Amino acid sequence: MSALSPAIFAPRSGPLSRAVDWVIRHPRMFVFLMVLPISLWLGIVYIGALIALLIQSFFSIDEYSGLIVHEFTLKTYAELFRSYNLDIIIRTVSMAAAVTLAAAVIAFPIAYFAARYARGKWKALFYIGVMLPLWSSYLVKVYAWKLVLAKEGILNWLFAKLHLTWALEAALALPVVGGNSLSVSYLGTFIVFVYIWLPYMIIPVQASLERVPAPLLEAAADLGATPAQSFRMVLFPLAMPGIVAGSIFTFSLTLGDYIIPQIIGSSRLFIGQAVYTQQGTAGNIPLAAAFTVVPIVIMGLYLWGARKMGAFDAL
Amino acid sequence: MHSDTRAPLPLKLAAAGGLFFLLAPIALIFVYAFTTEEKSFQWPPPGFTLKWLGVTLNRPDVWEALFLSLRVAAISTVIALALGTLTAAAVARSRFFGRETISLLVILPIALPGIITGISLRSAFSLLEIPFSTWTIVLGHATFCIVIVYNNAVARFRRTSGALIDAAMDLGADGVQTFTLVILPNIATALLAGGMLAFALSFDEVIVTTFTAGQQTTLPIWMLEELVRPRQRPVTNVVAMAVVLVTVLPILAAYYLTRDGEHTAGAEK
């Protein structure tokens, strides 16, 4: 029986092997062949589609016939500055900012505890505790919040049991953010956004905190800093790059989302919903395309600002 | 950052509260799947039953949506595995003109909001008059799944020593043998992990899918329709629980697969 395979393989002479060997001996050809499929795929499918979309934003729609006029114009972009559309943009950007801020505040203690104090089993628990909601189905998470925020749901029940219903009602009575119930108010939209994007903030903040040497904080304490001072002057600046990295996710994801405000929130539109209705029921592809340019521009400015602040150098 | 001092109580409370906030809503899904209440989301549930598991199992629309999702996820994962691995090998192992552009290009579909990917594909389909089919969904999914496989593979390629490949070649292995006997066993777990994450991502995707599916219903689109216009709450509860299980198990498996890899390589961050 010749079960033992030879230590040195005899060179093969099949056409496949010869072709492979030829390619390997020509490194430029080798690399070219390796990146060809991805370049074709992303170049044609993705970049091609993206450019086609951007071109459409320079077309306009005929107000009477509802047909797209294939002529270069900035009319569609001017439409973005009508008060109704401008409100949508302002509403979305302020929501994104509020969500980012809240996510940073909630994420910090979790990330700090996991980075500095958690060991063994606890470390694994924190890891799973962040990864599980991160990778669980997006829609199921939104659905879970529909269960939580429902009028007959667990949150109202909890508030009633704790005799705190008055506090909830006071919050819902607030102008702008309030509403009939949590599931149809900005407050509800805000909570769900924070929940869904929170893991994207925790992970980079934790990564930046893992790199802070513990003796640095001990040195700060030895030199007489109060915990508040050493947080403000040592820990927070060192965690900043992680917070900025996380904020890129929370900000960008909130800007583009159109499902959460549709399911939990008031009927007032966000950018994503505006894009969706414009391209769908309204059939106004040029305006939808112009609307998608808004998050691209905002994120471009955001990344540029983060770079100016040196956030990328510190990462 | 490690130190042996004890955590202050407020920090402990804030961290535990945060963890509770993250996990409690998911736990709630498992309770509601067994509630006897049909018309509302009443808490606490008036009673528990297994009835809705059976009802859901007999629903053809749920099964059709599930099979479409599985098919799309499988095809997208295969495409992503092929393209992602090739790209990762090229970027990790050689310097060439346009290398930076390629590594940026791969990340772009996941860095820009999904709605942008979705609407640009949709408008491209309508410009080219491509009818909606399983393949239009796959086209969108594979595009953002590539980056997942790429990230996993590129990290592994960087840690795998190039000398291994040289040694195999010196010992007389040809290109195909080097790939199947040396390279593939070295990157197999990274590909498995990347493939599972890509599968989970595709299985769950809804934002891009709403633009590329037309009249077809994947499981997430079925969920979305139920969320917007609830018709059968008990069935939705059960489906939600099943989806959590289907996405969570690959995540846990991927975690265990890559965790060992990171440790043996001694790649301390």
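1. Two residues count as in contact here if their C-beta atoms, placed from the backbone, lie within 7 Å. With that cut-off, Leu198(A) touches Ala103(A), Ile106(A), Ala107(A) and Leu22(B), leaving aside residues up to four places away in sequence. The list includes a residue of chain B, Leu22(B). Please keep in mind that this is a predicted model.

2. On the core. Leu198(A) is one of the residues that touch the most other members of the largest nonpolar core, together with Ala107(A), Ala111(A), Val194(A) and Ala80(B). That core holds 159 residues. Helix α9 of chain A, residues 186–210, supplies the largest share, 17 residues. In chain B, both domain 1 (17–49) and domain 2 (60–262) give residues to this core, so the core lies between them.

3. On the domains of chain B. The chain is split into domain 1, residues 17–49, and domain 2, residues 60–262. Their C-alpha centres are 31 Å apart. How many residues of each domain are in contact with the other? The count is 7 residues of domain 1 and 7 residues of domain 2. On the domain 1 side, 5 are nonpolar, 1 is polar and 1 is charged.

4. On the interface between the chains. Contacts link 71 residues of chain B with 83 residues of chain A. On the chain B side, the elements that give two or more residues are α1 (9–32), α3 (60–93), α4 (99–111), α5 (114–128), α6 (134–159), α8 (175–204), α10 (219–228) and α11 (233–264). Among these, α1(B) gives the most, with 14 residues. By class, this side of chain B has 51 nonpolar, 15 polar and 5 charged residues.

5. On the domain annotation. An unreviewed UniProt entry gives "domain: ABC transmembrane type-1" for residues 89–303 of chain A. In the model, that span is 78% helix and 0% strand, and its end C-alpha atoms lie 19 Å apart. For chain B, UniProt (unreviewed entry) places "domain: ABC transmembrane type-1" at residues 66–256. There the span is 84% helix and 0% strand, with end C-alpha atoms 27 Å apart.

6. The unreviewed UniProt entry lists residues 12–34, 68–92, 104–124, 130–150, 179–200 and 236–257. Two of these can be set against the model. Residues 68–92 are 100% helix, and the end C-alpha atoms lie 35 Å apart. Residues 179–200 are also 100% helix, with 27 Å between the end C-alpha atoms. Strand is 0% in residues 68–92 and 0% in residues 179–200.

How values were computed. Residues numbered from 1 in each chain as written. Chains lettered and ligands numbered in written order. Predicted model: local features only at pLDDT ≥ 70, side-chain atom pairs only at ≥ 80, totals over all residues. Helix = DSSP H or I, 4+ residues; strand = E, 2+ residues; numbered from the N terminus. Nonpolar A, V, L, I, M, F, W, Y, C, P; charged D, E, K, R; others polar. UniProt positions renumbered as here; feature names shortened; annotations may be inferred. Core = buried A, V, L, I, M, F, W, Y, C linked by C-beta atoms within 7 Å. Buried ≥ 20, exposed ≤ 12 C-beta atoms within 10 Å, placed from the backbone. Domains from an automatic or database assignment.
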